[in-house]
Amino acid sequence: MLFRSELKIKAGIDSDLAKRIAKLIKDSGLKVQASIQGDTVRVTGAKRDLLQDAIAFVKKSVTDFPLQFGNFRE
């Protein structure tokens, strides 16, 4: 038997979710800045630990949408 299923894959996030994530980060009290760039949210901070804390916070807060995190500076 052969089954076929059609899936739609979405790259990026919509503007409402981007605004929600940016607001969550700004309201969290972490010393990082969040900015919306097209269909991504860029988070900048002075230290790597702060960025990792921001990633953990967003993973915990946004559970209704699968998120992917791009790596930061090495």
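Select residues 32–37, strand β1, and residues 40–45, strand β2: the two run antiparallel and are joined by six bridges. Keep in mind that this is a predicted model.

Stay on the strands. Click Gln33 and look across to β2, where Thr44 stands opposite. Now go to the turn. How many residues lie between β1 and β2 in the hairpin? There are two. Pick Gly38 in this turn; its phi is positive, about 65 degrees.

**Next stop: helix α1**

Select residues 15–27, which make up α1. This helix has 13 residues. From its first C-alpha to its last it reaches 18 Å, close to the 18 Å expected at 1.5 Å a residue.

Which residues of α1 are buried? Colour Leu17, Ala18, Ile21, Ala22 and Ile25. They sit on the same side of α1, because they cover an arc of only 135 degrees around the axis.

The face of α1 away from its buried side carries exposed residues: Asp16, Lys19, Lys23, Lys26 and Asp27.

**Next stop: helix α2**

Select residues 48–61 for α2. This helix has 14 residues and reaches 20 Å from its first C-alpha to its last. That is close to the 20 Å expected at 1.5 Å a residue.

Colour the buried residues of α2: Leu51, Ala54 and Val58. Why do they fall on the same side of α2? They cover an arc of only 55 degrees around the axis. On the face turned away from the buried side of α2, find the exposed residues Asp49, Lys59 and Lys60.

**Last stop: the largest pocket**

Rolling a probe the size of a water molecule over the atoms shows where empty space is left. Here, the largest pocket has a volume of about 790 Å³.

Where is its centre? Select Thr40, Val41, Gln68, Phe69 and Gly70, which lie nearest to the centre among the 25 lining residues.

Bring back the elements you have already visited. α1, β2 and α2 each supply at least two residues of the lining of this pocket. Which one gives the largest share? β2 does, with six residues.

Note on methods:
Residues numbered from 1 in each chain as written. Predicted model: local features only at pLDDT ≥ 70, side-chain atom pairs only at ≥ 80, totals over all residues. Heavy atoms only, no water. Pairing = 2+ DSSP bridges. Helix = DSSP H or I, 4+ residues; strand = E, 2+ residues; numbered from the N terminus. 1 Å grid on protein atoms, 1.4 Å probe; cavity = no way out; pocket = protein on both sides within 12 Å on 5 of 7 lines; lining within 4 Å. Points joined across faces, edges and corners; volume = space filled by probe spheres on them. Expected span 1.5 Å × (residues − 1). Buried < 20%, exposed > 50% of the residue type's maximum accessible area, 1.4 Å probe, protein only. Arc of directions from axis to C-beta.
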